[in-house]
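Please look at the sequence and the structure before reading on.

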Amino acid sequence: TDSSLVKLAEKLSGEKAQAVNYCTEAPFLQQLGCETIVMGPGSIQQAHQPDEFLAMEKIKPSQEMIKQLIVASCF
C-alpha cells in the first residue's frame, strides 16, 4: 500500500486501494520484478459474481484514468 504505483492509482481514482481474493496473473508478473496492481471499472462487489455487470458509463472514465496512470508512470 505504500508503493508509488498504488499511491498514484489512489490519487487518480480517488479511491483507497484494497486487497481482494481472486485469481489474476499479477503475482506471476510480480515474480518477474514488475510492480503490479489490478485496476478497472466497476465495483468489486459486482465482479466475479453471478449476474455480474458493468455500467457502460464507467468505461470511458476508467479508460482515461488508466491512460493517466500510464503517462505518469512511463513518460
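## Cysteines

A residue is called exposed when its relative accessible area is over 50%, buried when that area is under 20%, and partly exposed in between. The model described here is predicted.

C74 has 55% relative accessibility and therefore counts as exposed. C23 is exposed as well, because its relative accessible area is 73%. A disulfide requires two cysteine sulfur atoms within 2.5 Å, and the structure holds zero disulfides. For C23, the closest cysteine sulfur belongs to C34 and lies 17 Å away, so the pair is too far apart for a bond. C74 is likewise in no disulfide, its nearest cysteine sulfur being that of C34, at 11 Å.

## Nonpolar surface patch

Four residues, I66, I70, V71 and F75, make up a nonpolar patch on the surface. Together they have about 400 Å² of accessible area.

I70 counts as partly exposed because its relative accessibility is 43%, a value between the 20% and 50% limits.

## A26 in helix α2

A26 belongs to helix α2, residues 26-31. With a relative accessible area of 12%, A26 falls under the 20% limit and is therefore buried.

Apart from its neighbours within four places in sequence, A26 is in contact with T36 and V38. A26 and V38 are twelve residues apart in sequence, and their C-alpha atoms are 7.3 Å apart in space.

Conventions:
Residues are numbered from 1 along each chain as its sequence is written. This is a predicted model: local features need pLDDT of at least 70, side-chain atom pairs count only at pLDDT 80 or more; totals for chains, interfaces and linings use all residues. Side-chain values use heavy atoms; hydrogens and water are left out. Patches are made of residues with over 30% relative accessible area and no salt bridge: like charges are joined within 9 Å, nonpolar side chains (Val, Leu, Ile, Met, Phe, Trp, Tyr) within 5 Å. Accessible areas come from the Shrake-Rupley method with a 1.4 Å probe; for residues, only the protein chains shown count as cover. A salt bridge is a side-chain nitrogen of Lys or Arg within 4 Å of a carboxyl oxygen of Asp or Glu. Buried means under 20% relative accessible area, exposed over 50%, partly exposed in between (1.4 Å probe, protein chains only). Helices (H or I, at least four residues) and strands (E, at least two) are DSSP runs, numbered from the N terminus. Contact means heavy atoms within 4.5 Å.
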